[in-house]
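Here is a short report on strands, sheets and charged contacts. Please keep the model open while reading.

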Amino acid sequence: MNYYAIQVKSKGEKQFIKRFKSLNPEITLPMHFLQRTLNIRRSGKIKPSTSAIFPGYIFIEAESDDVIIAYQWEFRRTDGFYRFLRSNQQITPLTDRDLELVLHFINNAGPVAGRSKVYFNENSRIVVVEGPLLGLEGRIVKVDKRKERVKVLLDLYNDSFAIDLGFEVIGSLEPVNKGAR
């Protein structure tokens, strides 16, 4: 299965998918709009907030380039469409690290990435036990224990950007007492 990226109007990803499906009910290609949920504190109250992991991008599953090329005009005619990636003239599937990253969120997080379960070891380093951060530990650039967030450096099509993902502390690893028998 190949995955293709299309760029659409930011904050209009859900509307694009809905509009596309209503205009083209015969096209049943799976479309993924990857999101994350974070707890936001405003005026002393904590509320969950959902936002895009890759703002302005939708990922489409298709058997081959021929399928995407056959439907490219239906995508292009839908309001909110900007372009296929690499370009409208060179539609290419995701490969290598880009594909690996997108599949990580599709397979491990589902449509909305929630909070990961973590603990901090004896060196105060974060250790991810489960959730969308599992496997992304090497990309973590900042940990905010108070807000229970980490800043993760992601890159797509050679463009790097940082996003925040939430975590939940499940405890800490207790140092092993080597002298006890």
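Lys151 and Asp164 meet through their side chains in a salt bridge, with 3.1 Å from N to O. The model is predicted.

Lys151 has 29% relative accessibility and counts as partly exposed. Asp164 has 18% and counts as buried.

## Other salt bridges

The structure holds 7 salt bridges. One of them joins Asp155 to Arg139, where the closest N and O atoms are 4.0 Å apart. Asp155 is buried, at a relative accessible area of 16%. Arg139 is buried as well, at 18%. Both values fall under the 20% cut-off, so both residues count as buried. Arg97 joins Arg139 and Asp155 in a network of salt bridges.

Glu74 and Arg77 form another salt bridge, with the closest N and O atoms 3.9 Å apart. Both residues sit in helix H2 (residues 65-77). They are 3 residues apart, so about one helical turn separates them. Arg77 counts as exposed, at 62% relative accessibility.

## The open sheet

Four strands form an open sheet in the order S2-S5-S1-S6, with antiparallel pairing. S2 (31-32) and S6 (81-84) stand at the edges. Each has a single partner strand, so one side of each lacks a neighbour in the sheet.

S1 (residues 2-8) pairs with S6 over 3 bridges, in the antiparallel sense. Ile6 has Phe84 of S6 as its bridge partner.

Which side chains of S8 are buried? In this strand (residues 116-120), Ser116, Val118 and Phe120 point to one face and are buried.

S8 pairs with S9 (residues 126-130) in the antiparallel sense, over 4 bridges. Tyr119 stands opposite Val127 in S9. The hairpin has 5 residues between its strands, and Ser124 takes a positive phi near 60°.

## A positive patch

Arg41, Lys142, Arg146 and Lys147 form a positive surface patch. Of these, Lys142 is placed in strand S10 (residues 140-144).

Key. Residues are numbered from 1 along each chain as its sequence is written. This is a predicted model: local features need pLDDT of at least 70, side-chain atom pairs count only at pLDDT 80 or more; totals for chains, interfaces and linings use all residues. Side-chain values use heavy atoms; hydrogens and water are left out. Buried means under 20% relative accessible area, exposed over 50%, partly exposed in between (1.4 Å probe, protein chains only). Helices (H or I, at least four residues) and strands (E, at least two) are DSSP runs, numbered from the N terminus. Two strands pair if DSSP finds at least two bridges between them. Patches are made of residues with over 30% relative accessible area and no salt bridge: like charges are joined within 9 Å, nonpolar side chains (Val, Leu, Ile, Met, Phe, Trp, Tyr) within 5 Å. Accessible areas come from the Shrake-Rupley method with a 1.4 Å probe; for residues, only the protein chains shown count as cover. Lys and Arg count as positive and Asp and Glu as negative; His and the chain ends are not counted. The place of a charge is taken as NZ of Lys, CZ of Arg, CG of Asp or CD of Glu.
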